[in-house]
Amino acid sequence: MADNSHAPLDDRLREAFEADPRAASRVAKEALAARARVPWRGRLAAVSAAASVCVAAAIAWWPSGPVPPAEPAGAALVGSVTDGLLVVRLPDGSVAVTGGEVRQDRPDDGYGIVLVEGELR
Amino acid sequence: MGGQGSFVIVDLERTIAELAPRVLRYANARLGDPAMAEDVAQESLAALVQACRNGGAPDSAEAFVFAIARRRAGRAVWRRRLWAPIEFASGARSGAPSPEARAIARDEAARVRSAVAQLAPRDREALLLVAVGGLSMANAAAALGLSLSAVKMRLSRARARLTALLEVRHG
């Protein structure tokens, strides 16, 4: 048989901490209206999937690396040596002349590499 | 009410409506702050609603809700302890009780609250879950993570101590 000797004490306790019925009703209403939240397992799965896609994309992209500038077809330079000077026609149409001895009639800053536009004389 | 061992959720709205005043009363007893108690009760009941909507309805709705309410009330107590010095410094709380608080303190309810506050925390927790929250012994044991006999022992000790405290104050 249940012992109910503590019932008056429990009643006093409940009365001492009695909740406002309006507050209880508000709490129930708000709890039922709470937006359904995606469970943490679902969020974890979504984040993991996104991370996997990023990693896979990075792995796929990495071996290709930065693409080197393509060389134009037939870009091999052809030059000739004349009187100790290397004469090379560059792809943009200009002519580079280098080498040779120091010439007395040329200023110092012109020694070494000479770019000549137009026809080589 | 709280005497049923298992709580089958047939009608969520009815279950929430039945649990709301009980969990609110319990939170009020734990925290002594109606606004904070309302937050704790609402969060606990919302957790039950979400669990049911996600297909994870617990075996015992009341044990589930009260276990959450117990944890959240504990966190709220800690938060309040951390904030108390700041609130005191900013003048939000004055050290002396207000005239209203002094008037309330003369109430029978305040006497009971004061006596409950003097119980050992473990015993008080069992008493509040069963006597105030209306949980069955089995569900209180589940909410506290204790054996049934341990809950009975704590409850018995709490009731005896509370009775003594109230008699002393009455005399």
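Helices and strands here are DSSP runs, at least four residues long for a helix and at least two for a strand, numbered from the N terminus. The model shown in every view is predicted.

**Figure 1. Helix H7 of chain B and the glycine that follows.** Helix H7(B) spans residues 137-144, and six of its eight residues are buried, so this helix is largely enclosed by the rest of the structure. The buried residues are B:Asn139, B:Ala140, B:Ala141, B:Ala142, B:Ala143 and B:Leu144. Just after H7(B) comes B:Gly145, with a positive phi of about 70°.

**Figure 2. B:Leu146 in the loop between H7 and H8 of chain B.** The loop joining H7 and H8 of chain B holds B:Leu146. This leucine has 17 other C-beta atoms within 10 Å and is therefore partly exposed, since a buried residue needs 20 or more and an exposed one has 12 or fewer. Leaving aside residues up to four places away in sequence, B:Leu146 touches B:Ala141 and B:Val151. B:Ala141 is one of the buried residues of H7(B).

**Figure 3. B:Ala17 in helix H1 of chain B.** B:Ala17 belongs to helix H1 of chain B. Its count of C-beta neighbours inside 10 Å is 18, so B:Ala17 is classed as partly exposed. B:Leu45 lies 28 residues from B:Ala17 in sequence, and their C-alpha atoms are 9.7 Å apart.

**Figure 4. The overall make-up of chain B.** Chain B contains eight helices and zero strands. From the N terminus on, the order of elements is α-α-α-α-α-α-α-α. Of the 171 residues in chain B, 40% are buried. When contacts in chain B between residues at least 6 apart in sequence are taken, 68% join residues at least 24 apart.

**Figure 5. The side of chain B that touches chain A.** Chain B gives 27 residues to the contact between the chains, and chain A gives 23 residues. On the chain B side, at least two residues each come from helix H1 (12-31), helix H2 (34-53), H5, helix H6 (121-132) and helix H8 (148-170). By class, this side of chain B has 16 nonpolar, five polar and six charged residues.

**Figure 6. Helix H1 of chain A against helix H5 of chain B.** From H1(A), the contact is made by A:Arg12, A:Leu13, A:Glu15 and A:Ala16, and from H5(B) by B:Ala109, B:Val112 and B:Arg113. Sorted by class, the residues in this contact are four nonpolar, no polar and three charged.

**Figure 7. The buried residues of helix H5 of chain B.** Which residues of H5(B) are buried? They are B:Val112, B:Ala115 and B:Val116. These residues cover an arc of only 100° around the axis, which puts them on the same side of H5(B). An α-helix has 3.6 residues a turn, so residues three or four places apart point the same way. B:Val112 also takes part in the contact of H5(B) with H1(A).

**Figure 8. The hairpin of strands S1 and S2 of chain A.** Strand S1(A), residues 78-82, is joined to S2(A) by five bridges, and the two run antiparallel. Opposite A:Val78 stands A:Arg89 in S2(A). The hairpin has two residues between its strands, and A:Asp83 in the turn has a positive phi of about 55°.

Figure 9. S2(A), residues 85-89, and S3(A), residues 95-99, run antiparallel and are joined by five bridges. A:Val88 has A:Ala96 as its bridge partner in S3(A), while A:Leu85 stands opposite A:Gly99. Five residues lie between the strands of this hairpin, and A:Gly93 in the turn has a positive phi of about 100°.

**Figure 10. The overall make-up of chain A.** Chain A has three helices and four strands, in the order α-α-α-β-β-β-β along the sequence. Of its 121 residues, 7% are buried. Among contacts in chain A between residues at least 6 apart in sequence, those joining residues at least 24 apart make up 6%.

Terms used:
Residues numbered from 1 in each chain as written. Chains lettered and ligands numbered in written order. Predicted model: local features only at pLDDT ≥ 70, side-chain atom pairs only at ≥ 80, totals over all residues. Contact = placed C-beta atoms within 7 Å. Nonpolar A, V, L, I, M, F, W, Y, C, P; charged D, E, K, R; others polar. Arc of directions from axis to C-beta. Pairing = 2+ DSSP bridges.
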